[in-house]
Number of protein chains: 2
Amino acid sequence: MHGARGDGRGTRKQVNGLMPLIVQKYGGTSVGSIERIEDVARKVIKTKEAGNNVVVVVSAMSGETNRLTELAKQMNPNPPARELDMMLSTGEQVTIALLAMAIEKQGHAARCYTGAQVRILTDSVHSKARIQEIDAKVVTEDLKEGRIVVVAGFQGMDSSGAITTLGRGGSDTTAVALAAALGADECEIYTDVDGVYTTDPRVASKARRLDRITFEEMLEMASLGSKILQIRAVEFAGKYHVPLRVRSTFDDGPGTLITYEDENMEEPLISGIAFNRDEAKLTVLGVPDQPGIAGRILGPVSEANIEVDMIVQNISQSGLTDFTFTVHRNDYEKTLKILQGINDELGAREVYGDTKIVKLSLVGVGMRSHAGVASTMFEALAKEGINIQMISTSEIKISVVIDEKYLELGVRALHTAFELDDEDAQVSIEGKSSD
Amino acid sequence: MHGARGDGRGTRKQVNGLMPLIVQKYGGTSVGSIERIEDVARKVIKTKEAGNNVVVVVSAMSGETNRLTELAKQMNPNPPARELDMMLSTGEQVTIALLAMAIEKQGHAARCYTGAQVRILTDSVHSKARIQEIDAKVVTEDLKEGRIVVVAGFQGMDSSGAITTLGRGGSDTTAVALAAALGADECEIYTDVDGVYTTDPRVASKARRLDRITFEEMLEMASLGSKILQIRAVEFAGKYHVPLRVRSTFDDGPGTLITYEDENMEEPLISGIAFNRDEAKLTVLGVPDQPGIAGRILGPVSEANIEVDMIVQNISQSGLTDFTFTVHRNDYEKTLKILQGINDELGAREVYGDTKIVKLSLVGVGMRSHAGVASTMFEALAKEGINIQMISTSEIKISVVIDEKYLELGVRALHTAFELDDEDAQVSIEGKSSD
């Protein structure tokens, strides 16, 4: 499946004769020391020697971005974003040089480039710039010459030539964007887990690694706290249909391939179970059921830059309704105070909150055409005595809020109910969490 | 004399109306900590508020270049120059960001740029690239907008866009080259001494700070171990007649202005006395006085990449001659071995060496037209019983080699003989050495 590609998948642009092109991305932990960078060089060369062109995207060595941020904060607790980007971009610049040195030491030709040098053009929103265009001519030239190309992740430049950064995790986006621009045959994201799992193996020991997952499912899994891939990278991959694979830096497994629905695969009903322990729930009780009431409640919350996730409002009885929503736990106190401040103005009976909750989600493109998923889910939870506090649904996801103490029990019940269990799974899978 | 210029000197390009333009350069020690960078910001702003446009060139924070070099050497004891330049250039990139932050914190608008961003184009000789061209349009734009511009010293890019470095001390060259390209009214090099002295104050307590020194004298002083200014920077300044001033980062004195002869100044006879303790002397005694003998002696030495400084060969008597030259003390043992190896082949009587020597030089453009300088020099030394072992002369310099134990005595004797003494000088001038 992996390595030199001969599986007849639709031909993409061929840079160097008939050699397939692989873009690989290694994060901060994978390049965290001289020894680990040498290991990465070995993996890169192995891919090259298997008959591929290789472009490698790397992050700053682990800890380096924090060190630079601290230095900037010593100068200014609120460092200006333009100058901060100038500083932070040096982190990857050191890594690309070291990796190129390592590759050359191991006998292969390499060239390294900053984001600006391969003309990764972004908007001017410093610290969270978005890629607009890549003119990777210089990369193509090097590949033609047989060189391995090393590119700094996380950074680019705007139209004025200023250095920008894409925000934490932006190296994933760099890799995917480069893969799209170069028409790569595959973009491999190397991380400390060996793929995407049906759920967190630390919670359900029978969690199974998925060989494949659709782009939309991955998007739902990523946004639900399975922090394997930066969500913007997944979106980018979806937009340009970049074949994306999550693999482990530390073993040689095939990982998980992110695919696109038009590839006409047999869709499983449910791909995975995600959960999020970081949310808190707030309810405004007994508020008059009038038009505009939701806006009057959420307006002041959003003005305070607090992001709201789930929102539920039941049908009213006797002209009063209950309005419930969730926010990040860090914003709980602030949100509670805002609601208490507008309580009288709303004419509400009471404001009530709960931080001891967890959100649990079933994800799967297959559920689009299967009405029975929700009822199977609710039955499985009920059988374990788990009360559902909130429900919200999308086309390929059903989320429920339950008491946090039932998290593990709920995940395992659903994992079994939807036949995701790997009967051969070992009980101990430490360090392979997808959380 | 200094600050906003109103001295009627020939008008140079005016970037911003009638405001003079000052380029300032601060080295690694001057920007060695957050607090020192804040001090530099204050000095820069003071110059700006005195009515000047200001461009600031900075080096990496002291120690940073060594840290990066060590990291590279962990990967490869002989790191490839191209990748090493990529790494080293991050040192100044951090400083420019911090200085821009400091200036903005103190209420002035600032913009910072890498060498590549202000298009400092160099050749492709990594680690000791030479500046070929500067297209500083972006700097001019910023100055017009009233911003202070901060530029990374020591670095540039070649025509392919690769990052290059100019070698140790290259930030001086960056500052001078930018001053030339922008037509600056003055280029100020800030360092830990308050100017150029007639000689090292640690050796002669009556040493005097020079208000002015000619470019050619500075060149001789710089190459003779008065390590205030990088010699390439002085050459560059001479080529474009950039008014160059050496000043102290740590006090407010006027420093020393480097001038050009066409400014028609009254030239003093002698400007200063330089010396070099780092040389060793080697003599091949009783070698046949045949054509090509100098080449047969020095050929193997230069093949071993050993630099030779002074060379003296006396007229021969009885067909035999003595051939003497000096090398850096670090190369003494190696050179001695080479000479011993070719001794028989040369038909020489003996090879003899001495490391306990010092070179002492009088420098001054005035001596061109004064034949008496040499005799005054030799008499002054003879009066103190100092024997002269070697002599070599150039148009504006006379160098002698003497026993190193006479260094201080010799310098003081010459300092008095050529009327350089500052009769008001304090005996203790520690920390103001020009060595």
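Two residues are said to be in contact when heavy atoms of theirs lie within 4.5 Å. The structure is a predicted model, in which local features need pLDDT of at least 70 and side-chain atom pairs count only at pLDDT 80 or more, while totals for chains, interfaces and linings use all residues. Residues are numbered from 1 along each chain as its sequence is written, chains are lettered from A and ligands numbered from 1 in the order of writing, and side-chain values use heavy atoms, with hydrogens and water left out.

Leaving aside neighbours within four places in sequence, B:Gly51 is in contact with B:Met19 and B:Pro20. Although B:Gly51 and B:Met19 are 32 residues apart in sequence, their C-alpha atoms are 6.4 Å apart in space. B:Gly51 counts as partly exposed because its relative accessibility is 27%, the class lying between buried (under 20%) and exposed (over 50%), with a 1.4 Å probe and protein chains only.

In chain A, the domain assignment, whose bounds come from an automatic or database source, gives domain 1 (21–262) and domain 2 (266–419). The C-alpha centres of these two domains of chain A lie 34 Å apart, and 18 residues of domain 1 are in contact with 24 residues of domain 2. One salt bridge is counted between the domains, a salt bridge being a side-chain nitrogen of Lys or Arg within 4 Å of a carboxyl oxygen of Asp or Glu. A:Lys397 forms a salt bridge with A:Glu220, and their closest N and O atoms are 3.4 Å apart.
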